[in-house]
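Colleague: I have some labels to check with you. Let us take them one by one.

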Amino acid sequence: MKKSLQDRLAILADAAKYDASCASSGTEKRDSLRSNGLGSTEGAGICHAYAPDGRCISLLKILLTNFCIFDCAYCINRSSSNVERARFTPDEVVWLTLEFYRRNYIEGLFLSSGIIRSSDHTMGEMVRVARDLRTMHGFRGYIHLKSIPDAAPELIEEAGLYADRLSLNIELPTDAGIGRLAPEKRPDGIRRAMGDLRRKIEAADEPTLQTKRRKRFVPGGQSTQMIVGADGADDATILRTSARLYGSYGLKRVYYSAFSPIPDASRALPLIKPPLVREHRLYQADWLYRFYGFGVDEITASTGGMLDLDMDPKLAWALTQRQTFPVNVNRAERETLLRVPGFGLKTVDAILSSRRFRRLRLEDLARLGVSLRKVRAFIEAEGWTPRRLADRADLKTLFAPKPEQLSLL
C-alpha cells in the first residue's frame with residue numbers, strides 16, 4: 001500500500017537526523033520583500049540550526065529517499081538494513097518546502113538522500129528540487145544540498161548555482177576506516193570533488209573584468225561531516241584529518257557526529273556509542289586551531305591522543321604549560337591572551353581596546369563579562385598577581401564542576 005505524504009515525511013525526516021552538517025552559516029543576505037520572491041535568510045522562526053554569529057535558522061531537514069544501493073556498515077539506511085523505506089518525488093519536496101515556509105515553520109531546506117539507481121540520477125533529482133524552487137517559485141530562502149559521492153562534476157556545478165551550501169561528507173577520518181566500513185565509497189574521489197568545488201567557488205568569487213561583480217556560486221561554501229567513534233580513530237587523528245580538510249579545500253565547517261548504534265549492526269562496529277561530550281570537546285578543539293592559533297599536536301600531545309572529557313581543551317593545555325603563566329593582561333600580545341583559559345575572541349579584542357585608556361584591574365575584566373574564577377590563576381592585572389597559584393598541585397580541582405545530588409525520582 002502506498003504511504004501517505006505525512007507517513008513518508010515522518011520516515012524521511014527521522015532518517016535525516018543522522019546528518020549533522022546542516023548549520024546554515026555563511027549564506028548571503030537576501031531580502032524577499034525587496035526582490036519579489038519567497039523566503040529570506042535573515043528572518044526569525046522555529047530554530048533548528050545555529051549560525052556562528054548566533055542567528056537561528058529553521059530548516060526543513062529531510063531525505064529525498066532512504067532507499068540506497070550502498071551498504072555502508074555505519075548507516076541506518078544501508079541496502080542491507082531492514083528499516084521502513086520511503087521516497088519523495090522532486091515535486092513533492094518542492095511543495096513541502098513552500099508549504100512549510102508559508103506557514104512560517106521554516107526559513108530553508110536541507111536536503112540529503114540515499115543513492116538510488118546511480119549517483120548521477122540521485123544528484124540530478126536533488127538539483128531539480130533546488131532549481132525548481134529558485135527559478136519556478138522564486139524561493140529565496142536558504143538551501144543546503146548534501147552532494148552525492150561520485151556524482152558528475154557538471155551536476156555538482158549546477159547544484160552550486162542554486163544552493164547556498166554544499167556538503168561532501170568524508171564520513172570517517174581515515175581511508176582505512178572507509179575501506180573497512182564503506183568499501184563502495186572512494187575517499188580519493190570525494191577529496192577530488194572537494195578540490196574541484198573549491199576551485200569553482202574561488203573562481204566565482206573573483207570579480208569579472210566587465211561588470212566587476214562576483215558570480216553567485218555556493219555563497220555559504222562547502223562543509224563535511226565525520227562520524228566519531230565508529231572506526232576506533234582517536235581524537236588526534238580526527239583533528240589532524242579535519243585540519244587537512246580545512247587547509248586543502250577551504251571548508252567552512254567540519255561537523256563531528258557521534259556514532260549511534262543502529263539495529264542489525266555489523267560486528268565491525270562498536271556496541272556502545274561514544275559519550276556525547278566527546279563530540280563537544282572536538283568542536284572546542286576545532287575552534288582552538290582555527291581561531292586561537294593552536295596546533296593540533298599542542299592540543300592533544302599530553303592526552304595520549306584523546307581529549308580530556310572533564311575539561312575544555314584550552315584549560316587542559318594550560319594546566320600542562322604552567323611555565324607560560326601568569327600572563328599580564330596589560331602587556332601581553334593578542335596571540336598570548338588568546339591562550340588564556342576563559343578568554344574568548346571578543347574578550348581579547350575588548351581587553352586590547354580598553355587597555356589603551358587605562359591599566360586593567362580584575363573588576364574591569366569582570367565588567368567585560370570575564371569569569372574571574374576561570375582566569376585569575378592564569379593572569380596578572382593591576383593590583384592582582386596569582387602568587388604562584390598556577391603552581392598549585394590541586395589547581396585542576398579548582399575548575400572541576402560542583403558535585404550534584406542525584407535524584408532517584
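Modeller: Start with accessibility: buried means under 20% relative accessible area, exposed over 50%, and partly exposed in between (1.4 Å probe, protein chains only). This is a predicted model, where local features need pLDDT of at least 70, side-chain atom pairs count only at pLDDT 80 or more, and totals for chains, interfaces and linings use all residues. Residues are numbered from 1 along each chain as its sequence is written, and side-chain values use heavy atoms, with hydrogens and water left out.

Colleague: Why is Arg-117 called exposed?

Modeller: Its relative accessibility is 66%. Exposed needs over 50%, so Arg-117 counts as exposed.

Colleague: Why is Asp-150 called partly exposed?

Modeller: Asp-150 has a relative accessible area of 35%. That value falls between the 20% and 50% limits, so Asp-150 is partly exposed.

Colleague: What makes the phi of Arg-117 worth a remark?

Modeller: Phi is positive, about 65°, and Arg-117 is not a glycine. Most residues other than glycine have a negative phi. Asp-150 also has a positive phi, near 70°.

Colleague: Why is Glu-92 called buried?

Modeller: Its relative accessible area is 19%. The limit is under 20%, so Glu-92 is buried.

Colleague: What makes the link between Glu-92 and Arg-8 a polar contact?

Modeller: The term asks for a pair of N or O atoms within 3.5 Å; within protein, one must be able to donate a hydrogen and the other to accept it, and residues adjacent in sequence count only if both atoms are side-chain atoms. The side chains of Glu-92 and Arg-8 are joined at 2.7 Å, so the distance is within the limit.
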